[in-house]
Amino acid sequence: MLTPRSRAGCSLAALLGVLCVGLATVSARGDEQRTPPPVYKPARKYPIFEEMRQARQAVQAHRDSLRKVVDDRYREEGERARQEKRELRLDWTGIDRPGSLDDFTSLFHLPPIPQYNTGTCWAFCSISLFESEVHRLTGRAVKLSEMWVVYWEYVEKARRFVREYGHSSFGQGSQDHGTQEVFRLYGAVPAETYPGVEPGQERHDHESLFDELKRFLDWVRVNNLWDESKVVAHVRTILDSYLGPPPTIFTYEGRPYTPPEFLSQALRIDPTAYVNVVSTLSAPFGQSMLFDVSDNWRRRDDFLNLPLDEFYAIIKSALAAGYTLSIGGDVSEPGLDGMEDAAVIPSWDIPSAYIDQGSREFRINNEMTDDDHGVHIVGYCQRGARDWFLIKDSNSSSRQGQFKGYYFYDGDYIKLKMLSFMVHKDRLAGRLPG
């Protein structure tokens, strides 16, 4: 029988045994932890997967080679089609037309300026009109900046785009009244003050400019960021980088001007004194109407609608009185040929005797006549019984022929294919709505 002391000694012995076993275990684990450090070895690859990958690549390479054959064939066919493309054109044999610029009674205008790779014909024709008006009013020949107008027109387009939550049309095109509005809001500047091209360049190329503007406004629409001040500020940053920052004050002939001062004091132009005129059966004659084309992005409804005979008579009487006109319409007809410097309506399209309000409207209605280009009428002559108009044009086609920057338009072409014109309101006395 164990005494309490002997039981205590037995328990102590047992405890010491357990401790000894534990220490031995810890010692053994310490030995296991003293192993070499890890090392990097090449990744193990499964050969079958590598074989499968190579097989996929071989199949894809074969498919790519087959597609390349087809792609190359279509590319070659497309290039051949472009090289062999033919256009329906008029045979000009026997067509009686003016032989030179000297055949016209020509009003003052500055030499034609190319618009190059831009969709801004509206600025070139309306600026040319105002240059002629400056000379008529002051006797001064002042070359004005088209790009000044283009710059601010883009700003106003972006502003309306935001206010209309992306519904307002945003393109390179506009109407003659765009120049009126820019003059009214911002004034005008000479071309020498604001050439609107990047340093070292002479030709206008707006492809990258417009792409960047369009991408930005598409982003605004997608992200619903309708903050007008921020959008306009960024648009101006883009315009500044391509066209240059517009001046706020400049010196002309030794005198400082702000753009509004230059417009009113040097040019003596009142931009509100010019009226846009159309001729269509879609609205009552003698009233103002909306000219419903995409380039009228302001949706202005102050176009005076007149019968075709009055529309045409005003053009002739304005020229006779010393007023030029900017005019816009369709220049995609086979009877308009830059190589020939002329535009007529062929009899196989419609005989001259049948060109009237109805035939004009028929082409407007079925969109055979579209609003795609603006020009400046600067002269007139009569050849036999036919009217001819001297047209100053910024488009590249007008530089294909002998008279660079000019066309000779037959009167029938004006009647059938020209949609609108802008002229000083003095030439519309008695016709303007009260």
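**Spaces, a helix and selected residues**

Modeller: The largest cavity is lined by 13 residues, and those nearest its centre are Ile113, Phe124, Ser128, Lys392 and Ser394. This is a predicted model, in which local features need pLDDT of at least 70 and side-chain atom pairs count only at pLDDT 80 or more, while totals for chains, interfaces and linings use all residues. Residues are numbered from 1 along each chain as its sequence is written, and side-chain values use heavy atoms, with hydrogens and water left out.

Biologist: How is a cavity found, and what is the volume of the largest cavity?

Modeller: Rolling a probe the size of a water molecule over the atoms shows where empty space is left. On a 1 Å grid over the protein atoms alone, a cavity is a set of points where a 1.4 Å probe fits but cannot get out; a pocket is an open set with protein on both sides within 12 Å along at least five of seven lines, and lining residues have an atom within 4 Å of a point. Points are joined across faces, edges and corners, and the volume is the space filled by probe spheres set on them. Here there is one cavity of 30 Å³ or more, and the largest holds about 90 Å³. Helix α3 (residues 121-138) supplies the largest share of its lining, five residues. Helices (H or I, at least four residues) and strands (E, at least two) are DSSP runs, numbered from the N terminus.

Biologist: Which residues lie closest to the centre of the largest pocket?

Modeller: That pocket contains about 280 Å³ of space. Of its 17 lining residues, Phe291, Asp292, Val293, Ile364 and Leu419 are the closest to the centre. Helix α10 (residues 357-365) gives the most to this lining, with three residues. The second largest pocket, of about 220 Å³, has 14 lining residues, with Ile95, Val344, Ile345, Pro346 and Arg386 nearest its centre.

Biologist: How should I read a helix such as α6, and which of its residues are buried?

Modeller: An α-helix has 3.6 residues a turn, so residues three or four places apart point the same way. In α6, Leu209, Phe210, Leu213, Phe216, Leu217 and Val220 are buried (under 20% relative accessible area, with exposed over 50% and partly exposed in between, for a 1.4 Å probe and protein chains only). Seen down the axis of α6, the buried residues fall within an arc of 130°, so they line one face of the helix; the arc is that of the directions from the axis to the C-beta atoms. Arg215 and Val222 are exposed on the other side. The buried residues of α6 pack against α4 (146-163) and α7 (228-243), contact meaning heavy atoms within 4.5 Å.

Biologist: Is Leu336 buried or exposed?

Modeller: Leu336, in strand β8 (residues 336-337), is buried, because its relative accessibility is 5%. Leaving aside neighbours within four places in sequence, Leu336 is in contact with residues including Arg89, Val331 and Tyr413.
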